[in-house]
Amino acid sequence: MTTPGRGAEFEDTFRALYLAYHRRDGPRSDVPAASRAVLTHLVLTGPVTIGELAVHLQRSQSVVSDIVGHLVRDGYLDRATDPADRRRVRVWLSPQGRALLDRLNRVLDVLLLDAALATIADADALIRGLHALAAQARTLPREEHDHDHTDL
C-alpha cells in the first residue's frame with residue numbers, strides 16, 4: 001500500500017523525468033502544419049477522398065489537392081481508385097507516412113530512455129506500474145479542484 005499524499009512526490013519526479021528525457025533535437029520536422037493535419041486526419045479516418053479531406057480541414061479542394069500531391073511525392077501518402085466508384089480516388093497513409101506521424105508525435109527521447117531503462121534491474125516492473133497508473137486514471141472520476149497553481 002502506498003502512503004497517502006504521494007501525488008506531489010510523483011508530480012515532482014514526473015517533472016524531473018520529463019525535463020531529463022524530453023526531445024532536444026530541435027524542431028521535430030519541417031513538415032508544415034497543414035500537411036501534419038492531413039496525416040493526422042488520415043490516421044483517424046482511414047482512406048478518404050480529397051473532397052472529404054477538404055471539408056474536414058475547411059480548405060479549398062485545390063489547396064488540399066496540392067498538399068496531398070506533395071505528401072504523395074514524398075512517399076507519405078498512397079492513392080488508389082475507390083473500388084466502389086472507379087471515378088473516385090482515395091488517399092491514405094503509406095507505411096512511411098505512419099512512421100513519420102509516429103516520430104512527429106513522440107515527446108520523449110526514446111533512445112535515451114532505452115539506455116536509461118537498460119540500467120534498471122526491474123525496468124519491466126516500472127513500466128507495468130506506469131501502465132497500472134495510466135489505467136487507474138481512466139477509472140477515477142475527474143473532479144474539479146481549486147488547486148493553487150501559482151507555483152508553476
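Me: Helices are DSSP runs of H or I with at least four residues, strands are runs of E with at least two, and both are numbered from the N terminus. The structure is a predicted model, in which local features need pLDDT of at least 70, side-chain atom pairs count only at pLDDT 80 or more, and totals for chains, interfaces and linings use all residues. Residues are numbered from 1 along each chain as its sequence is written, and side-chain values use heavy atoms, with hydrogens and water left out. How many helices and strands does the chain have?

Reply: From the N terminus on, the elements run α-α-β-α-α-β-β-α-α-α. Counted by type, they amount to seven helices and three strands.

Me: What share of the residues in the chain is buried?

Reply: Buried means under 20% relative accessible area, exposed over 50%, and partly exposed in between, with a 1.4 Å probe and protein chains only. The accessible surface of the chain, by the Shrake-Rupley method with a 1.4 Å probe, where for residues only the protein chains shown count as cover, comes to about 11400 Å². Carbon and sulfur atoms account for 56% of that surface. Of the 152 residues in the chain, the buried share is 20%.

Me: Which strands stand at the edges of the sheet?

Reply: The three strands form an open sheet with antiparallel pairing, in the order β1-β3-β2; two strands pair if DSSP finds at least two bridges between them. Two bridges join β1 to β3, and the partner of V48 in β3 is V91. Two strands have a single partner strand each, so one side of each is left without a neighbour in the sheet: β1 (48-49) and β2 (77-82).

Me: At what angle does helix α2 run to β3?

Reply: Axes are lines fitted to C-alpha atoms, for helices over the stretch in contact, and angles run from 0 to 180 degrees between N-to-C directions. Helix α2, residues 33-45, lies across β1, β2 and β3. Its angle to β3 is about 105°.

Me: Are α2 and α5 roughly parallel or roughly perpendicular to each other?

Reply: Two packed helices are described by the angle between their axes and the distance between the axes. Here α2 and α5 pack at about 110°, with axes 10 Å apart. Angles under 35 degrees count as roughly parallel, over 145 as roughly antiparallel, 65 to 115 as roughly perpendicular and the rest as oblique. The two helices α2 and α5 are therefore roughly perpendicular.

Me: Which residues does S94 contact, leaving aside its neighbours within four places in sequence?

Reply: S94 lies in the loop between β3 (85-93) and α5 (95-105) and is buried, at 2% relative accessible area. Its side chain makes a polar contact with that of Q96 at 3.2 Å; such a contact is a pair of N or O atoms within 3.5 Å, where within protein one must be able to donate a hydrogen and the other to accept it, and residues adjacent in sequence count only if both atoms are side-chain atoms. With contact meaning heavy atoms within 4.5 Å, S94 meets G75, Y76, L77 and D78.

Me: Is Q58 buried or exposed?

Reply: Q58 is in the loop between α3 (50-57) and α4 (61-73). Most residues other than glycine have a negative phi. Q58, although not a glycine, has a positive phi of about 55°. At 73% relative accessibility, Q58 counts as exposed.
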